[in-house]
Amino acid sequence: MAPLRPNTFAGLSLVLDRVAERRDELDWVEAQALSDEARYLLLDPAGETWLLAEREALRWLDANERRALFADLPASLLGIAEGRPHFLLALDDAHPADALTAALGARRIGLRDAGLLLPAAEAGLFAYAKGLAHWQRETRYCAYCGAPLVLVASGHRARCTNAACGRLHFPRTDAAIIVIVEHEGACLLGRQAGWPPGRYSTLAGFVEPGESLEDAVRREVAEESGVRVEAVHYHSSQPWPLPASLMVGFTATAHSRDIQLRDSELEDARWFTPQQIAAGLADGSLLTPTRLSVSYQLIAHWLRERAGLELDTLVAR
Ligand SMILES: [Zn+2]
């Protein structure tokens, strides 16, 4: 049986060297930026980028285009891929993005749509750039003393400009757990009131201070469904820069099927057998989470392991 496809946006380490140890070498970084091999990914203030008009690939700028169009805009080094330095150019409000679509001969696209269209490496690079750009945009003032910050380490750190403070601020990633809970041949899925009718997903929530990931799984499942879980096992993870999360996927086994939704964020939670999922997808009464998500992957994995069913096939029917 073929392995499940990798999580969307994950696996960037297979193609990109982040060269984190050289981000402070200003001369080296500048030489990379001026190189004919340099590529620049442009992001608008909302975190969207551009694709080539003629095919589904990122519209990278080369060093000449960067010089001509955005000489005053600081670039952040993403890393080296295929021997070429890759940079982020994050547009600020002084650089209106709307006129660029025609100028670049390109079309603008958000990360969710890009994740469904682009090859894995390009989707991962876009996600990385979007996460970094979001942090840069949101991190303008020192959280300790209120003075303005300046970006250092080629955009990967922000330093307080108050000499008496001088603290460094680091890009933030918010860990969230997401879990498929099983009990004797059925899995637990829930839905929030605002979702499209029929959509059910695995349970998820942010990790709190002082919690292990496994502790967060047990708490979130109990809070959202009243279900008590026993064994908790790691599955896989996914960067989810919408805007700043890391989704950490788990499988877990429930103690019983008792569901209690009092005080829950969920409108409904139910146990589904593989046959009920297949039937619900077939008659349209059940919708899966987006194909981009770890939730989809967890459900796909569970259906395959327990019933030999392929979620991609069930959804496509
Ligand atoms: Zn400060």
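Let's start with Glu37, which counts as partly exposed because its relative accessibility is 41%. The scale here runs like this: buried is under 20% relative accessible area, exposed is over 50%, and partly exposed is in between, with a 1.4 Å probe and protein chains only. Please keep in mind that this is a predicted model, where local features need pLDDT of at least 70, side-chain atom pairs count only at pLDDT 80 or more, and totals for chains, interfaces and linings use all residues. Residues are numbered from 1 along each chain as its sequence is written, and side-chain values use heavy atoms, with hydrogens and water left out.

So what does the side chain of Glu37 meet in a salt bridge? Its partner is the side chain of Arg84, at 3.7 Å from N to O. By salt bridge I mean a side-chain nitrogen of Lys or Arg within 4 Å of a carboxyl oxygen of Asp or Glu. This pair links distant parts of the chain, 47 residues apart: Glu37 is in the loop between α1 and β1, while Arg84 is in strand β5, residues 84–90. When I name helices (H or I, at least four residues) and strands (E, at least two), those are DSSP runs numbered from the N terminus. Arg84 is partly exposed as well, with a relative accessible area of 26%.

Why do such pairs form? Side chains of opposite charge can pair when their charged atoms come close. By our rule the count comes to 17 salt bridges. One of them joins Arg219 and Glu211 at 2.5 Å, N to O, and Arg219 is buried, with 17% relative accessible area.

Now let's step back to the whole chain. There are nine helices and 15 strands, and the C-alpha atoms fill a box of roughly 60 × 50 × 35 Å along the principal axes. Of the 317 residues, 48% count as buried. Among contacts between residues at least 6 apart in sequence, 62% join residues at least 24 apart; contact means heavy atoms within 4.5 Å.

The domain assignment gives domain 1 (12–138), domain 2 (141–171) and domain 3 (174–316); such bounds come from an automatic or database assignment. Let's look at the first two. The C-alpha centres of domain 1 and domain 2 lie 23 Å apart, and ten residues of domain 1 are in contact with ten residues of domain 2. About 800 Å² is buried between them, with carbon and sulfur atoms giving 61%. That buried area is the accessible area (1.4 Å probe) that two parts lose on being put together, summed over both.

What crosses this interface? The rule finds zero salt bridges between domain 1 and domain 2, but four residue pairs in polar contact, both at pLDDT 80 or more. A polar contact is a pair of N or O atoms within 3.5 Å; within protein, one must be able to donate a hydrogen and the other to accept it, and residues adjacent in sequence count only if both atoms are side-chain atoms. On the domain 1 side, β4 (75–81) and α5 (120–138) each supply at least two residues. The largest share, four residues, comes from α5.

Is Thr139 buried or exposed? Thr139 counts as buried, at 18% relative accessibility.

Another buried residue is Tyr40, at 1% relative accessibility, in strand β1 (residues 39–43). A polar atom of the Tyr40 side chain lies 2.4 Å from the backbone oxygen of Ala33. Leaving aside neighbours within four places in sequence, the contacts of Tyr40 include Trp60, Phe87 and Leu89.

Last, some backbone details. A cis peptide bond joins Leu242 and Pro243, with omega about 5°, and Pro243 is in the loop between β13 (229–240) and β14 (245–254). Phe9 is not a glycine, yet its phi is positive, about 80°. Phe9 is found in the segment before α1 (26–34) and counts as buried at 4% relative accessibility.
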